[in-house]
Amino acid sequence: MLLGAIADDLTGATDLALMLSREGMRTIQTIGIPRADLDLGDADAVVVALKSRTNPASEAVALSLEALSFLKRAGTRQFLFKYCSTFDSSPAGNIGPVTEALMRALCTDLTIVCPAFPANGRTVYKGHLFVGNQLLSDSEMRNHPLTPMTDSSLMRLMAGQSRLRVGLVTRETVGQGAGKVVQAFEIARDKGEQVVVVDALTDADLRVIGEAAAGLTLVTGGSGIALGLPENFRRAGLLRPAADQAVFASPSGRSMILAGSCSEATRRQILTAIEAGMPALKLDPMAIAEGRLRVEDALSWALGQSAGAPLIYSSAEPDEVKAAQALLGRERAGSLIENFLAETALGFKAAGVRRLIVAGGETSGAVVSALAPDALFIGPEIDPGVPWTLTIGHMEPMALALKSGNFGAPDFFLKAWDLLT
Ligand code: ADP
C-alpha cells in the first residue's frame with residue numbers, strides 16, 4: 001500500500017479518495033475501521049473513513065490509532081491524516097491531539113499542516129486560513145453549530161490543540177520550488193519544530209508541497225494536499241502510468257435507481273429520465289406512512305419492469321415536500337423515506353440487482369448503512385464529484401453510484417450506465 005489515509009468524516013474521505021483516483025492511484029475507501037482481514041487487492045491507496053470530527057479528542061485519537069494499525073498492517077509507505085479544509089475542530093480540538101498521537105505511533109519527528117483547497121476557495125497565507133476573500137474567523141464558519149472557528153491562525157490553533165512545537169513555511173518559500181521547501185523542513189527540524197504550517201494559494205503550490213513531502217512519513221491536510229503525492233510514487237517507479245486506473249469489471253445483474261433527494265438537480269435528472277422513457281415509480285410519503293405502499297410493492301413494481309433501469313423516487317417539488325412535512329413532521333417524513341429506500345436497496349440486492357444509483361446525501365448514507373459493504377473501490381467519475389464505486393467485502397460485488405443531491409448533469413441517470421463495462 002503506497003498511501004494510507006485516515007479521514008475524520010465520510011464525505012471528506014470520498015473527496016480525498018476521488019482526488020487520489022483522479023491522480024491515477026487505484027483507491028479504496030473503507031466505511032469505518034475495516035475488518036482486519038479485508039482484502040485490499042491491488043489498491044495503491046486506501047482511505048479509512050472515520051466519523052471522528054466532533055468526538056471528544058480521546059475518542060478521535062483512539063479511532064485514528066486503530067485505523068493506523070490497520071494501515072500499518074497493510075504495509076503502507078506514507079500516511080495522511082485528512083481533515084476539513086476549514087480546519088473544523090471542536091473548541092478543545094481534535095486535529096492537534098490526533099496529529100500528535102499519529103506522530104508518536106509512527107515515530108516521526110516532523111509533519112506538515114496544510115488544509116488549503118484552492119478549488120473551493122480555501123487558501124493558506126502567512127499561516128492564516130482564508131475562505132474565499134475572508135479570514136476563516138470572519139467567514140460563516142464562525143457560526144458553525146458544532147465546530148465554530150473563531151481563530152484563523154493555523155499555528156495558534158495547532159499550538160493550542162497540542163504540545164507540538166509549530167513552525168511556518170511561507171508562500172515565498174513554496175514559490176521557489178520543492179527543493180527550497182525540503183530545505184525549510186530541515187531548518188524547522190534543526191529548530192526543534194515538529195509541525196510546520198505550509199502556505200498554499202494555488203493547486204500549483206499544492207503540487208510543489210506534495211513533491212517536497214515525499215520524504216515525510218506523515219502528512220496532514222485537506223484533500224488538496226493529496227494532489228501532489230501520487231506523482232512522488234510515480235517518479236519512484238512505484239505507480240503505474242496514470243491512465244485508466246479507475247476501471248473495474250462491472251458485476252452483471254440488473255440496474256436500478258433510487259432517488260430520495262429533492263434537490264433541483266435531481267428533480268431535473270428525474271424529468272429527463274422519464275422523458276427518455278425510463279420506467280419510474282413515484283413514492284407518496286403519506287401512502288408509506290399509512291401502510292398503503294410497502295417495500296414489497298415497490299420491489300415487485302421495479303423487478304417487473306422489463307426495460308431500462310427502473311427509477312423509484314420520492315423526490316418532489318418544495319410545496320409537496322412541505323405538505324408531507326406538515327402532516328408527518330420533517331424528521332419523520334425524512335426517515336420514513338430513507339428507511340423505505342434503504343430497505344428497497346436490500347431487496348434489490350437479494351433479487352440480484354448489481355448496479356445501483358442512489359441520489360441524495362442522507363439517502364445514500366441510509367442505503368450504504370443497509371447494504372453495509374466493508375469498503376468501496378473508486379471507479380470512473382460520471383460527473384464531477386460522483387464516481388461509480390464497487391463494493392468490497394462480504395457481499396456480492398455491486399456497482400454503486402452515490403450522488404449528492406445537487407451534483408450531476410440533467411442526463412445523469414441515462415449516461416451513467418455507459419461507464420460500466
Ligand atoms: P440531498 O443530497 O439532495 O440533500 P438527501 O437525501 O440528503 O438529499 O436529503 C433529502 C431528505 O428529504 C431525505 O431525508 C429524504 O428522506 C427526504 N425526502 C425525500 N422525499 C421527500 C418528500 N417527498 N417529502 C418529504 N421529505 C422527503
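**Entry 1: the domains**

I started with how the chain is divided, and I found domain 1 (3-235) and domain 2 (254-419). I note here that this is a predicted model. Next I looked up how far apart the two sit: the C-alpha centres of domain 1 and domain 2 lie 33 Å apart.

**Entry 2: where the domains meet**

How many residues of domain 1 are in contact with domain 2? I found 13 residues of domain 1 in contact with 15 residues of domain 2. The area buried between the two domains is about 1,200 Å², and carbon and sulfur atoms give 63% of that area. I then asked which three residues supply more than any other three of the area that domain 1 buries against domain 2. They are Leu-18, Ile-31 and Arg-35, and they supply 38% of it.

**Entry 3: charged and polar pairs across the interface**

I looked for salt bridges between domain 1 and domain 2 and noted 2 of them. I also looked up the pair of Arg-35 and Asp-374: their side chains meet in a salt bridge, at 2.7 Å from N to O. As a reminder to myself, side chains of opposite charge can pair when their charged atoms come close. For polar contacts between the two domains, I wrote down 5 residue pairs.

Which elements give two or more residues to the side of domain 1 that touches domain 2? I found helix H1 (10-22) and strand S2 (27-31). S2 gives the most to that side, with 5 residues. Sorting the side of domain 1 that touches domain 2 by class, I got 5 nonpolar, 4 polar and 4 charged residues.

I turned to the whole model and found a count of 28 salt bridges.

**Entry 4: the ligand**

Last, I looked around the ligand and found 18 residues there. The ones that come nearest are Ser-261, Ser-263, Glu-338, Glu-362 and Thr-363. I also looked at backbone atoms beside ligand oxygens. For Glu-362, a backbone N or O atom lies 2.6 Å from an oxygen atom of the ligand. For Gly-334, a backbone N or O atom lies 2.8 Å from a ligand oxygen. For Gly-405, I noted a polar backbone atom 2.9 Å from an oxygen atom of the ligand.

Key:
Residues are numbered from 1 along each chain as its sequence is written. This is a predicted model: local features need pLDDT of at least 70, side-chain atom pairs count only at pLDDT 80 or more; totals for chains, interfaces and linings use all residues. Side-chain values use heavy atoms; hydrogens and water are left out. Domain bounds come from an automatic or database domain assignment. Contact means heavy atoms within 4.5 Å. Buried area is the accessible area (1.4 Å probe) that two parts lose on being put together, summed over both. A salt bridge is a side-chain nitrogen of Lys or Arg within 4 Å of a carboxyl oxygen of Asp or Glu. A polar contact is a pair of N or O atoms within 3.5 Å; within protein, one must be able to donate a hydrogen and the other to accept it, and residues adjacent in sequence count only if both atoms are side-chain atoms. Helices (H or I, at least four residues) and strands (E, at least two) are DSSP runs, numbered from the N terminus. Ala, Val, Leu, Ile, Met, Phe, Trp, Tyr, Cys and Pro count as nonpolar, Asp, Glu, Lys and Arg as charged, and the others, Gly among them, as polar. A residue is near a molecule or strand if one of its heavy atoms lies within 4 Å of it.
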